[in-house]
Amino acid sequence: MNIELFSQYLVAGLTYGIIYSIVAIGFNIIYNTTGIINFAQGEFVMIGGMTAVTLYNFMPMPLAIAAAVIITMIIGALIEIVFIRWLVSPSVLRMIIITIGISIITREIALHVWDEKVRALPYFTGTAVTSISIGGVHISPQVIWVVGICTLVVLVLNFFFSYTLLGKQMRACSSNRNAARLCGISAKNMVTLSFVLSAGIGALAGCIVSPITYVQYDSGTGLAIKGFTVAVLGGLGNSMAAVAAGIILGVLESFSIWIMPTAFKDAISISILLLILFVRPGGIFGNKEALSLKEF
Amino acid sequence: MKKTRHLQILILIVTVISIQLLTQATDTSYYLTQLTMSAYYSLVIIGLSLVMGYAGQISIGHAGFFAIGGYMSALLTTHNLLPYKDSTFVLILSKAGLLVSRQDLYGTDLLTVHPWVSCILAIVITIVIAYVIGGPVLKLKGHYLAMATLGFGIIIFRIVLGSSIFGEADGLSDVPAFALLPGIEVSGKMPVRVLNYYIAWTMVVTGMVLLSNLVNSRIGRALRSIHGSEDAANAMGVNISKYKLHTFVLSAVFAAVAGVMLTHYNGGIGPSEASVMKSVRYVAIVAIGGMANLWGALIMGVLLNFLSLRGYFGSMDDAIFGGILIIIMLFAPNGLLRLEILGRLKKAKPKTGTEQA
């Protein structure tokens, strides 16, 4: 393997890794406020991408993306209000099954609204063959868009959770729901908000990666599994660690093509997930104490 | 308790026979094909009901075990060993009577593993995999357990979809009939349709007898205590990890047996049998049946699979299972076929009677 090819694989791994981290952050936001893993997280990414592609026919791209994100946020809110908000302390098993059901229904509706065709937004700048050469490595401008926007999202989220009142309220709900309610925070609204937020982030991710990865009615499931792997790898609920974990998984996956046929790429990342779950369920950056505090 | 169990089994047997007689009388015996297939799927479902309902452990990977059973027996019974017939290993096998020579549709000579041998091998492999996977997986709880089993299912799906030996997207076909005994063979051919209906349902009845005895025994009580509270069960001296693991392996064997039989019945297997949607469907049916309710799981398993196989749901097949899943979990998390509901109906009835009077 020469150095050029090596860096090329590294860049590819990095790009996918960042996409996975964004999905993982979506998981974490909902997990933090509710203790639920939303199995329909990948569907938000799919809806975002698909809506943007459809709207792009009628309006300029930035507007189409913004509209797609807002529509997905509304869908996220609706899902929470219709299916989750009114349940009185549901068991984990019940929540898992409900979110799986939501994911199936969303996918089937998407199949009937759009069709089985694979779609994509055009490249934000240049075309599929445009590339910027940095030290002999060819990078598509879209990769820079992905990396840039995702970094921005992470920074903004960090600011939101650390410095704004709303962000602090959401964090309060995640650390102790009853105490937060005694302070006058509406825990139910915070849950809805977390769904809106994570739907929005998912949709944004779906829009910016669609030129590279394409979207299809069923592309959400694969991303959800990867996102979950990354979330667990970094330690559930820890969004900053998710970025590091995402990059690790992306790079590992990218280099796995060297030893294994591409058809087994997914099997590799899932094997990593299983391995992590067996050996260090708290994630590579997590510790056992933090894990035992979380309810399952 | 024991009497009701005997009665339930008896009712099942009577129902099975009367359905067959009914289809014969009304000349609708084509229904038997789907009923046979539903019976095999129900085997997976009652096995999963044991894990989910009684031991309280979710598994979204049972299609994986079904596929392991089906694919192993399909591979062994169709893979031609003739090119290797002089190698010592194959010679030993053939001397031991484990191989059969036959001809395929085009008259090519084949030397393949005997269906009985491949069936047993498939089950042994499933047991090994279930132990290896189940050991660490069942230590996990909640979301982690769900994701891990889902991940297992996807790995199996990717392997069968990506390996040329398993036929990739086409799956394996031309699987021969499985002669259980001389004259009694599992295959989808027309003349043996009624026979196969009875073979499948004999297996379901056997499975039900086994499982309903199990859940009403000491083991069943231990499992329910695990479902209630693992810590409490542990404190009472129940070896929870052992019970969980054995239940998981047993249900995997149910799935694998169903896979083996259905593959011989259909004459082939495709990667869709290993897909996540299949696993979710099994979970959905167990949930509808009422989790810890073997009879509910069986009735719903047969009913929904039959309707699905007959094509009543059309292109909405997956959507309907997803919808049912949500509605049941939102409004009746204990399933539809519950005695409470019957009890409530009974209570409600006299009321309406007095109103009329």
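Author: Chain A holds twelve helices and two strands; helices (H or I, at least four residues) and strands (E, at least two) are DSSP runs, numbered from the N terminus. This is a predicted model, in which local features need pLDDT of at least 70, side-chain atom pairs count only at pLDDT 80 or more, and totals for chains, interfaces and linings use all residues. Residues are numbered from 1 along each chain as its sequence is written, while chains are lettered from A and ligands numbered from 1 in the order in which they are written.

Reader: In what order do the elements of chain A run from the N terminus on?

Author: The order in chain A is α-α-α-α-β-β-α-α-α-α-α-α-α-α.

Reader: How does the radius of gyration of chain A stand beside that of a compact globule?

Author: The radius of gyration is taken over C-alpha atoms, and the globule rule is 2.2 Å times the number of residues to the power 0.38. For the 296 residues of chain A the rule gives a value near 19 Å, and chain A has 19 Å, which agrees. Along the principal axes, its C-alpha atoms fill a box of roughly 60 × 50 × 35 Å. Of the 296 residues, 49% are buried; a residue is buried if 20 or more other C-beta atoms lie within 10 Å of its own, exposed if 12 or fewer, and partly exposed in between, with C-beta atoms placed from the backbone.

Reader: Which residues of helix α5(A) are buried?

Author: An α-helix has 3.6 residues a turn, so residues three or four places apart point the same way. In α5(A) the buried residues are Q142(A), V146(A) and C150(A). They pack against α1 (3–34) and α8 (187–213) of chain A. The expected span of a helix is 1.5 Å times one less than its number of residues; for the 23 residues of α5 (residues 141–163) this gives 33 Å, and the end C-alpha atoms are 33 Å apart, which agrees.

Reader: How many helices and strands does chain B have?

Author: Chain B has 14 helices and six strands. With 357 residues, a compact globule would have a radius of gyration near 21 Å, and chain B has 22 Å, which agrees. Buried residues make up 44% of chain B.

Reader: In which sense do β1(B) and β2(B) pair?

Author: Two strands pair if DSSP finds at least two bridges between them. Here β1(B) and β2 (residues 109–113) of chain B are antiparallel over five bridges, and R102(B) stands opposite L110(B) in β2(B).

Reader: How many residues of chain B are in contact with chain A?

Author: Two residues are in contact if their C-beta atoms, placed from the backbone, lie within 7 Å. By that rule, 31 residues of chain B touch 30 residues of chain A. Helix α6(B) gives the most to this side of chain B, with 13 residues. The side divides into 22 nonpolar, six polar and three charged residues; Ala, Val, Leu, Ile, Met, Phe, Trp, Tyr, Cys and Pro count as nonpolar, Asp, Glu, Lys and Arg as charged, and the others, Gly among them, as polar.

Reader: Where does pLDDT stay under 50 in chain B?

Author: pLDDT is the predictor's confidence in each residue, from 0 to 100. It stays under 50 over residues 349–357 of chain B, for which the model has zero contacts beyond four places in sequence. Chain B averages a pLDDT of 84. For the complex, the predictor gives an ipTM of 0.81 and a pTM of 0.85.
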